[in-house]
Amino acid sequence: MGFWFSMFVCNLLVPILMIAFGFAMDRHPPKQINNIYGYRTARSSKSQATWDFAQQYCGRLWLKIGAALLPVSIIIQLPFFRSDINTVGIMSVILCTVQCTVLLLSILPVQSALKHNFDAKGVPINKNKKEGYFIMQPFTLRQWQSDDAASIAIAANNKKIAANLRNVFPHPYTFADAQWYVGDCITKEGTEQLTRAIVVDDKAVGSIGIFIQQDVHEKSAELGYWLAEEYWGKGIMTEAVRQICQLAFQQFDILRIYAEPFADNQGSRRVLEKAGFTCEGILRNAVCKGNKVFSSCIYALLKEEIKS
């Protein structure tokens, strides 16, 4: 019985590790391409975009496979509870072989997904079809234009967006609000701030900006952003954050860019982590939004940490 129990535990290690590493890679993926931790192949290491994609895709795949293997592995072993050592040993070898084979074969769908979503240089490919793959929507960052107000008024008029931003971002969001914001961005461009429209299919669908601080904080700048809900989860914001931070460090004499997402805004926090930001702390009960008190986080990226 002791041998059976030892083998029982050992035979659960593969699915448990797949679940653990799958969760870690999905929720807390390695920020930079490295040789130590993460899903690393020649294709996944083509660019930062392929790296981020591979970690998330593989992590979610391992979570599903591990969750399926775990109960199956338990059920298979139960009938051998009173079997002799040789029988238990043979069963364990077969079960472990199957588990490891499934683990190795999981590489194939990840590689296939990378091939379908990125070209040979690691640049995202736009595909107008749904194959169960994560597809990064092509976008551009450009300076604001006065006629962007019309599309911004539509994209920004969303309670879900306003709920995670400061009260200066109104809801409902009117055309007049959009006109004022776009005009302010145009007027202050390149002086106190660096703001860009996030453009998809020639239409402004979001905003991202770097705002220089004053006094003893003059070497720091705050990052702010939002995106139309229909484009969430498509990899746009992480890449937009990377691009504007690199531009800001080139254009301004600053050493640090920080952001303050609400602590429960997991989507925004993951964007920052994937873009290379480090969580420096939690500000407890620091935010009052809609008569409710929340904590917020401080994320920061230093100039020496930016990838050229």
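The side chains of Glu-229 and Lys-160 meet in a salt bridge, with N and O 2.9 Å apart. A salt bridge here is a side-chain nitrogen of Lys or Arg within 4 Å of a carboxyl oxygen of Asp or Glu. The pair links distant parts of the chain, 69 residues apart. Glu-229 sits in the loop between strand S4 (220-227) and helix H9 (236-251), and Lys-160 in helix H7 (residues 159-162). Helices (H or I, at least four residues) and strands (E, at least two) are DSSP runs, numbered from the N terminus. The model is predicted: local features need pLDDT of at least 70, side-chain atom pairs count only at pLDDT 80 or more, and totals for chains, interfaces and linings use all residues. Residues are numbered from 1 along each chain as its sequence is written, and side-chain values use heavy atoms, with hydrogens and water left out.

Glu-229 is partly exposed, at 30% relative accessibility. Lys-160 is also partly exposed, at 48%. The classes follow relative accessible area: buried means under 20%, exposed over 50%, and partly exposed in between (1.4 Å probe, protein chains only).

The structure holds ten salt bridges. One of them joins Lys-219 to Asp-253, with the closest N and O atoms 2.5 Å apart. Lys-219 lies in the loop between strand S3 (203-212) and S4, and Asp-253 in the loop between H9 and strand S5 (256-259), so this bridge ties together parts that are 34 residues apart in sequence. Lys-219 is partly exposed, with a relative accessible area of 33%. Asp-253 is exposed, at 56%.

Another bridge lies within a helix. Glu-239 pairs with Arg-242, and the closest N and O atoms are 3.2 Å apart. The two residues are three apart in helix H9, so about one helical turn separates them. Both Glu-239 and Arg-242 are buried.

Backbone geometry comes next. Most residues other than glycine have a negative phi, and most peptide bonds are trans. A cis peptide bond joins His-171 and Pro-172, with omega about 5°. Pro-172 is found in the loop between H7 and helix H8 (175-188). Asp-201 has a positive phi, near 55°. This residue is in the loop between strand S2 (193-200) and S3. Asp-201 is exposed, at 65% relative accessibility. Asp-215 also has a positive phi, near 60°. Its place is the loop between S3 and S4. Asp-215 is exposed, at 62% relative accessibility.

A pair of aromatic rings is described by the distance of the centres and the angle of the planes. Rings of Phe, Tyr and Trp (its six-membered ring) pair if their centres lie within 6.5 Å; planes under 30 degrees apart count as stacked, over 60 as edge-to-face and the rest as tilted. By this rule the count comes to seven aromatic pairs. The rings of Trp-4 and Phe-81 have centres 5.0 Å apart and planes at 90°, so this pair is edge-to-face. The two residues are 77 apart and link distant parts of the chain: Trp-4 is in helix H1 (residues 2-10), and Phe-81 in the loop between helix H3 (48-77) and helix H4 (85-105). Trp-4 is buried, with a relative accessible area of 9%. Phe-81 is partly exposed, at 30% relative accessibility. Ring pairs link Trp-4, Phe-8 and Phe-81 into a cluster.

Phe-262 is buried, with a relative accessible area of 6%. Phe-294 is partly exposed, at 23% relative accessibility. Their ring centres are 6.2 Å apart and their planes are at 5°, so the pair is stacked. Phe-262 lies in the loop between S5 and helix H10 (266-274) and Phe-294 in strand S7 (residues 292-302), so parts 32 residues apart in sequence are tied together.

A nonpolar core is a set of buried Ala, Val, Leu, Ile, Met, Phe, Trp, Tyr and Cys residues joined through side-chain atoms within 4.5 Å. The largest such core has 54 residues, of which Ile-208, Leu-223, Val-241, Ile-257 and Phe-277 touch the most other members. H9 gives the largest share of this core, eight residues. Contacts (heavy atoms within 4.5 Å) of Ile-257 include Ile-210, Ala-221, Cys-245, Phe-249 and Tyr-299, not counting residues up to four places away in sequence.
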